Amino acid sequence: MSSGIGLGLLGVGNVGSAVARHVHARAAMLERQLGRPITVQRALVRDPNKPRDASIPADRLTTDAAAVIDDPNVDVIVEVLGGVEPAQQYLRRALEAGKHVVTANKEVMAAHGVDLLQLAADRGLDLYFEASVGGGIPLIGPFRQDLAANEIEEVHAILNGTTNYILSQMAEHGRSYTDALAEAQQLGYAEPDPTNDVEGHDTAFKLAILATLAFRGRVAPAEVFREGISQLTKADFTYAAELGYSIKLLAIAKRRGDTIEARVHPALVQRDFLLGQVEGVYNAVRISGDLVGRAMFMGRGAGPEPTSSAIVSDLIDLGHNMRRAAHNRIPVLLDRPVRVLPMDEVISRYYLRLWVKDRPGVLARIAAICGEHAISIASVLQKEVDPDARRAELVLLTHDAREADWRPAIQRIMDLDVVPEVASVIRIEDLLE
Ligand code: NAP
Ligand code: HSE
C-alpha cells in the first residue's frame with residue numbers, strides 16, 4: 001500500500017475525467033479530510049492517444065486492466081467504464097486482489113451487485129456505488145444508512161434525465177416525441193442510439209438497485225416490468241394537463257403483502273404533487289417509510305459533475321474507513337427473499353384515448369366491454385370531432401383495474417368495428433399525501 005490512497009481508474013471518459021480533475025483540484029481538502037493524499041496511480045482506457053480533459057500524466061494511462069488492478073500502489077479501483085462486461089469481471093478481479101471498489105455502473109450493480117457486495121464483505125473490503133443511481137443525488141447512502149430503521153413501503157421515482165427532458169419538452173412546448181428526442185440528442189443528453197434511455201432499460205436497472213436496497217432482497221433487472229416512452233404523443237400531454245396530470249416515466253416499487261411490485265412505465269401523475277413537477281434533466285425519488293413517512297430526494301441525475309460528486313464523496317467515506325481499518329461498516333442488509341408480483345396482478349387506473357365512429361351506441365358498447373371485465377369507468381371526455389371522417393376522439397379514465405382484466409378488455413375494444421383507432425393507453429399512478 002502507498003503512503004497515500006492510490007486510485008486505479010477504470011475508464012477516463014466523461015465521468016472518469018471529471019473524477020480525476022476533481023481529485024486533483026480538491027487535493028488539499030481531501031488530504032485534510034483523510035490525513036493523506038489521494039492520487040490517481042493508473043488509469044485504463046481503450047485509446048491512450050485520445051485527447052482528454054483529465055489531470056492524469058500520459059504515462060499513467062494503459063490499455064491493460066491488470067496493470068491497473070494489480071498495481072501495488074493502487075488501493076481503490078474506481079470503475080467508470082460502463083456496460084456489464086468487461087466491467088463486472090474487472091470488479092470481481094479487483095475485489096479478489098484485495099482492492100476496495102467505487103463504481104458508477106448501474107448495469108453491473110443491477111445484475112451482479114448482490115454477489116459483488118457479498119464478495120466484498122467476505123474479503124473485508126468496501127464496495128461503494130452511490131453514483132450508479134441518480135447521479136449526484138444521495139440515494140444509496142440514505143437507503144443503506146439513514147433510512148435503515150424503516151420498513152420501506154413505496155418508492156416512486158424519475159430516474160432518467162434524458163426521458164424526463166423529452167417528456168418536459170413535449171408537455172411544455174407541444175413538441176412531438178421525434179423532435180424532442182432530436183433536441184435531446186443535439187444537447188448531448190440522449191445517446192445517438194437512445195434505446196437504453198427511451199425504452200426504460202436504464203430506469204429499470206436503477207429501480208432494480210433501489211428495490212433491492214429498499215426491500216432487503218435481490219430484485220433482478222429482468223423482474224422489473226418495463227415500457228418506454230416512444231409511443232407517447234402530443235395529444236396525451238394536452239389531455240393530461242387538462243385533467244390535472246403530468247406524464248412521467250415512473251419507476252415504481254411497492255410492497256404488496258408478501259410480494260412487491262417493480263415496474264417502469266409512463267404514467268399520469270398528479271400535477272399538484274412534487275413528483276409531477278420535476279422537469280428537464282432532473283431526477284427525483286419519493287419514498288414512504290413506516291417511521292420517516294414520505295421523503296423526497298431531487299437533483300441532477302446525470303452529467304460528469306454530479307456523478308463525480310457522488311464518486312469523490314464515496315472516496316472520502318472509504319478513506320475514513322481505511323484510516324480506521326474499519327471496512328464494510330454498514331453492510332447492505334439482504335435478509336429476505338423478495339418475490340416480484342407478476343404484472344397481471346398489478347392494479348392500476350388507466351387513461352385510454354381512442355377514436356370512435358361518431359354514431360349512437362358506441363360509448364355503450366365500450367362501457368359494456370369494460371363492465372364484462374370488471375372495469376369501472378371513472379370519467380369520459382369527448383372533445384375532438386372530425387366531421388369529414390365522422391369520427392370523434394374519446395378520453396376515458398378508469399377506476400382501479402387488474403392488469404389481467406384490462407388487457408383482454410382493451411383488445412376487445414380495439415377489435416370493435418366502431419373503433420378505428422386506440423391511440424394511447426397509459427397507466428395512472430395516484431400518489432397519496
Ligand atoms: P464514457 O464517456 O463512454 O467513458 C468510458 C471510458 O471507459 C472511456 O475512457 C473508455 O476509453 C473506457 N473504456 C470503455 N470500455 C473499455 C474497455 N473495454 N477497455 C478499456 N477502456 C474502456 O462513459 P461515461 O459517460 O463516463 O460513463 C461511465 C460510467 O458512469 C457508466 O457506467 C455510466 O452508466 C455511469 N454514469 C454515467 C453518467 C453520465 O452522466 N455520463 C451518470 C451516472 C453514471 P476511451 O476513452 O479510450 O474510449
Ligand atoms: N442516461 C442517463 C440519464 C444518465 O439520462 O439519466 C446515466 O445514468
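Two strands are taken to pair if DSSP finds at least two bridges between them. Helices (H or I, at least four residues) and strands (E, at least two) are DSSP runs, numbered from the N terminus. In the predicted model, residues are numbered from 1 along each chain as its sequence is written; local features need pLDDT of at least 70, and side-chain atom pairs count only at pLDDT 80 or more, while totals for chains, interfaces and linings use all residues. Chains are lettered from A and ligands numbered from 1 in the order in which they are written; side-chain values use heavy atoms, with hydrogens and water left out.

In β12, G293 is the bridge partner of G289. Strands β11 and β12 (residues 293–300) run antiparallel and share 8 bridges. A hairpin of 3 residues links β11 to β12. Strand β7 (residues 152–158) also runs antiparallel to β11, through 6 bridges. Here A157 stands opposite V285 of β11. Strand β11 (residues 282–289) is mostly covered, with 7 of its 8 residues buried (under 20% relative accessible area, 1.4 Å probe, protein chains only).

The protein chain holds 14 helices and 17 strands. Its radius of gyration, taken over C-alpha atoms, is 24 Å, close to the 22 Å of the globule rule for 433 residues, so the chain is as compact as a globular protein of that length. That rule is 2.2 Å times the number of residues to the power 0.38. Along the principal axes, the C-alpha atoms fill a box of roughly 85 × 45 × 35 Å. Of the 433 residues, 54% count as buried.

Conventions: Buried means under 20% relative accessible area, exposed over 50%, partly exposed in between (1.4 Å probe, protein chains only).
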